[in-house]
Amino acid sequence: MAGNKKKTAFFCQSCGYESSKWVGQCPACKEWNTMVEEPVRPAGRGSRKGSGAGMYGAAAGTGYAAHRQRPVRLHQIERTQKNRFSTGFEELDRVLGGGAVEGSLVLVGGDPGIGKSTLLLQTSLHMAAEGHSVLYISGEESLAQIAMRAERIGQASDQLRFLSETNLETITEILPTEKPQAVVIDSIQTMYSDEVASAPGSVSQVREATAVLLRIAKETGITFFIVGHVTKEGTVAGPRVLEHMVDTVLYFEGDRFASYRVLRGVKNRFGSTNEIGVFEMRQEGLTEVKNPSEYLLSGRPRGASGSVITCSIEGTRPMLTEVQALVVRSGYGYPKRQSTGTDANRVGVLMAVLEKRLSVPLSEYDAYINLAGGIRQTEPALDLGIVMAILSSFQNRPLPDDLIAFGEVGLSGEVRSVSMAEQRIREAAKLGFHKCILPRACMKGLGNLPDIELYPVGGIGELGQYLS
């Protein structure tokens, strides 16, 4: 009986570290209470030692043989430009760096119900409509359920095929026959391999499935989009190594009860990670928001104190945002500070600067800061807008409706330069703003600007003239 006992090991859920015994703190990533026990396959089984697949652990008999490579010199490497193709969503193409790259592995994470499956299903429909062969594989829905969602979203081309399957070996046997250009896996936590003894969604299964898909993508040029569930902390569930293995990691953010969604890139081997895509969830699916500034400013109050328009840069796109501040006398011994849409610690620092440099007694007042629109932004250029909103609410003096302010505020109260000042000014002028408060250092190098008045400042002490 002792000889039939299954061998087990302990894996870290954060980084995938393997240990023969349980430990409270992972020796690799130093996280606490992340070790879980899982079965380990015998050394003679599987592909890690039998198929020559190496670190990828590709299953034997998948139709994709591991080719033996030889080291080469730099000048011997054939330099080819990675081909990109459009996903049919301009906002998604922007976040990906100009379109999907052939042979890449893209991980899309997000909270339950946020719209990950809807986004990728619509993307599949668009790619198929443009003539690309697409295979949509779902491990969470039956074919009938997928059809119900697809009919609500739009017409499907013959280039799009659907499969309801969770077995990794079955999927890898189908791919050489179908030969798709793009594959959607929904979701990676439902996939399992017969070569791994643990349950689907475990550290071993997620790591093995991702490794097999990664190897197929690099050898065949198939582009994979995989859905990843997130934990309560907001990170992709499963081993942290999952995010290191894939080429691109995208997070779909937003309130599931609100209509707007933000697609943000946190890793991209083929483009910038600063770009965001904005979508609106409607009954017929997701629609793109081509001008986020326009919707962020919709419904803003006129002539109200504590309201200031500022401008941040997301990648190459300037975005105008309304900063709202409410400063009221505190009824407790310790004043309350609450921030929505931006870093609360940064707001606390700016309030301390105001109290020290301008002698504003904010320690006696509660302060509530809100970035309207639901898109979280943390760029330092928001500092000046936050400071002016706090002063406007404290003095109960509204600012002009056609005024915009941006700039970074230092601990000495100085207003420091920010990048892409000219693009910010042009975006403000395009949306009808006629006055702009900006750092004095940004005045150098400005080209021919539209009809807008510029008010350069070097410190927060110069803001009083605009609040009188």
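Entry 1. I looked up S339 and found that its side chain reaches the backbone oxygen of T342 at 3.2 Å; I keep in mind that this is a predicted model. S339 lies in strand β17, residues 337–340, and, leaving aside residues up to four places away in sequence, S339 touches A344, V347 and I369.

Entry 2. I then traced an open sheet of nine strands with mixed pairing, whose order reads β8-β7-β9-β10-β6-β11-β12-β13-β14. Its edge strands are β8 (160–164) and β14 (285–288), each of which pairs on one side only, and the twist from one strand to the next averages 25°.

Entry 3. I turned to salt bridges, of which the count comes to 18. R161 and E178 meet in one at 2.7 Å, N to O; R161 sits in strand β8 and E178 in helix α4 (residues 168–178), 17 residues apart.

Entry 4. Which residue does R346 form a salt bridge with? I found D383, with the closest N and O atoms 2.4 Å apart. R346 lies in helix α8 (residues 344–357) and D383 in helix α9 (residues 383–395), so the pair ties together parts that are 37 residues apart in sequence. R346 is partly exposed, at 27% relative accessible area, whereas D383 is buried, at 2%.

Conventions
Residues numbered from 1 in each chain as written. Predicted model: local features only at pLDDT ≥ 70, side-chain atom pairs only at ≥ 80, totals over all residues. Heavy atoms only, no water. Helix = DSSP H or I, 4+ residues; strand = E, 2+ residues; numbered from the N terminus. Polar contact = N/O pair within 3.5 Å; in protein donor to acceptor, adjacent residues only side chain to side chain. Contact = heavy atoms within 4.5 Å. Pairing = 2+ DSSP bridges. Axes fitted to C-alpha atoms, helices over the stretch in contact; angles between N-to-C directions. Salt bridge = Lys/Arg side-chain N within 4 Å of Asp/Glu carboxyl O. Buried < 20%, exposed > 50% of the residue type's maximum accessible area, 1.4 Å probe, protein only.
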